[in-house]
Amino acid sequence: MADSELPASSLPPPAIGDGLLATDHASLTMRPMGRLFWKFFFAFWLALLLAGSGVGSAVWLHQRALDAGRDLEGGPRAAFLVGETAIVFRYGGIRALRELLSDWDAREGGAHVFVVDDAERELLGRPVAAETLAQARRLAQRPGEPRIARLERVAERDYLFFVPAEGRAPRHGAPSPWLPILTGILASLGFSALLAWYLSKPVRHLRAAFDAVAAGRLDTRIGARMGRRRDEIADLGRDFDHMAGQLQLLISSQRRLLHDVSHELRSPLARLQAAIGLARQRPETLDGALDRIEREAIRLDRLVGELLTLSRLEAGMGGTPGEETDLVELTRIVAEDARFEAEAAGRRVRFFGDGEALIQAHAELLHRALENVIRNAVKFTDEGTVVEIAIVRTSDPERLVVTVSDRGPGVPEDQLQAIFEPFFRGMSRGRAAGFGLGLAIARGAVEAHGGHICALNRACGGLQVEIVLPAQTGFG
Ligand SMILES: Nc1ncnc2c1ncn2[C@@H]1O[C@H](COP(=O)(O)OP(=O)(O)OP(=O)(O)O)[C@@H](O)[C@H]1O
Ligand SMILES: [Mg+2]
């Protein structure tokens, strides 16, 4: 039994992918700009170009409409003057018109109505810019009010009436549109690249991190690489970290379990071999050796059986429906069985519970869980003391609690959770007898019923284990 003196779980768990692990996350291989970047980039760029050209065209059209009468005076005053002079011309003839125009023109701040005939001569010989004339002609042909330019046909000749805008700076050549177009294209290129980079960068980090995890580097984390982002992508990064952490925990516990199982199997096998060797060397010890071989075989069988139960519980029972079970009756049976064992060892067992507590459960598994906890209590309680088992009805009708309390040494506070781990054996008395699987199986069984199990040290000394089960439990 020398081997079992060393708690297998006290061996340091093998680290995940030792030597392979890259604690330095800079080792995450980043690919150059991926397809996502280019997709974002072209989508944004196209959108910006379309929006830019749409707005540009609208502004240009509006400007052109404004420019149509840029060199002419607009508004009701100009329309009135043009209308009046046209009437004077129609009824008073060219001489009356000329007199009126020269009279107005001579006055300070007077109305300067221009009249140009179809030979492009102004009636008073005043100079008119070709562009102004063209604008007046365009406006005179356009229907609508106010009519600030007007065409009159008298004696087979066309006369154009309009009022040039005063004090307008002479028109220079329009500025080239290419400069703003080029600036817009360059700015949209830069902005699209920046946006595409901002959106695709975390995705590339995520991808690299997934690759790293797939390659076995389970300590890969990307939370820090998300910077100060507060959006769904950053949440995704945090979820990834959580997932990687859980995976790391799961795999390390699986490895530790494998390690403990091999360690546990090795001791009885070594003792079997020793017994066989002894029997071969000294045939007269055959009987003793066969007894020993039988004991070891039984122990191996028990160990393998418990491991199978544990692995079945961990795999989940696929939602097998439970049968209706009376928890009070089930606990009473287990307590009765334990009483015999306890009384033979000078300890007592007391059961508190009455009535019925019906639950949907897998009776055999619950029986195993209760038995493991109660047998521990009987095993660890001091000689002459009582193990108390009670069904407690709380104020919450949805919950049933079974408590198992002993008067033993209890468990160090920092190990109260660890005792439920497979192969954990504390330094208490009686530890050599078990594998350290009893409470792990109990926890698996209780959790499979949707409940939970915990242990606490009693104020008066000893350990109390609490099993909490939902009243209407389904088997999950
Ligand atoms: N009632 C208790 N009082 C004190 N220590 C306890 C008690 N119950 C469990 N423990 C501690 O928790 C450890 C794990 O218990 P568990 O039932 O899983 O294993 P075991 O009893 O040693 O072996 P097995 O149940 O597989 O035969 C025990 O070795 C013991 O140190
Ligand atoms: Mg036990």
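Guide: Two strands pair if DSSP finds at least two bridges between them, while helices (H or I, at least four residues) and strands (E, at least two) are DSSP runs numbered from the N terminus. This is a predicted model, in which local features need pLDDT of at least 70 and side-chain atom pairs pLDDT 80 or more, whereas totals for chains, interfaces and linings use all residues. Residues are numbered from 1 along each chain, chains are lettered from A and ligands numbered from 1 as written, and side-chain values use heavy atoms, without hydrogens or water.

Visitor: How many bridges join β1 to strand β3?

Guide: The open sheet that holds these two strands has the order β1-β3-β2, with antiparallel pairing. Because β1 (114–117) and β2 (149–154) each have a single partner strand, both stand at the edges, with one side left without a neighbour in the sheet. Within the pair, D117 stands opposite Y159 in β3. Strand β3 covers residues 157–162, and the number of bridges joining β1 to β3 is 4.

Visitor: Which residue of β10 is the bridge partner of I453?

Guide: An open sheet of 5 strands, with mixed pairing, has the order β5-β7-β8-β10-β9, and its edge strands, β5 (348–352) and β9 (452–457), each pair on one side only. The twist in this sheet averages 15° from one strand to the next. β9 and β10 (residues 463–470) are antiparallel over 6 bridges, and α9 lies across both, running at about 135° to β9. The bridge partner of I453 in β10 is I467.

Visitor: Which element gives the most to the shell around ligand 1?

Guide: Ligand 1 is surrounded by 21 residues (heavy atoms within 4 Å), the closest being N376, K379, D406, L437 and L439. Its oxygen atoms come to 2.9 Å from a side-chain N or O atom of K379, to 3.3 Å from one of R302 and to 3.2 Å from a backbone N or O atom of F435. The elements giving two or more residues to the shell are α6 (286–315), α8 (363–380) and α9 (438–448). With 4 residues, the element that gives the most is α8.

Definitions and conventions
A polar contact is a pair of N or O atoms within 3.5 Å; within protein, one must be able to donate a hydrogen and the other to accept it, and residues adjacent in sequence count only if both atoms are side-chain atoms. Axes are lines fitted to C-alpha atoms, for helices over the stretch in contact, and angles run from 0 to 180 degrees between N-to-C directions. Contact means heavy atoms within 4.5 Å.
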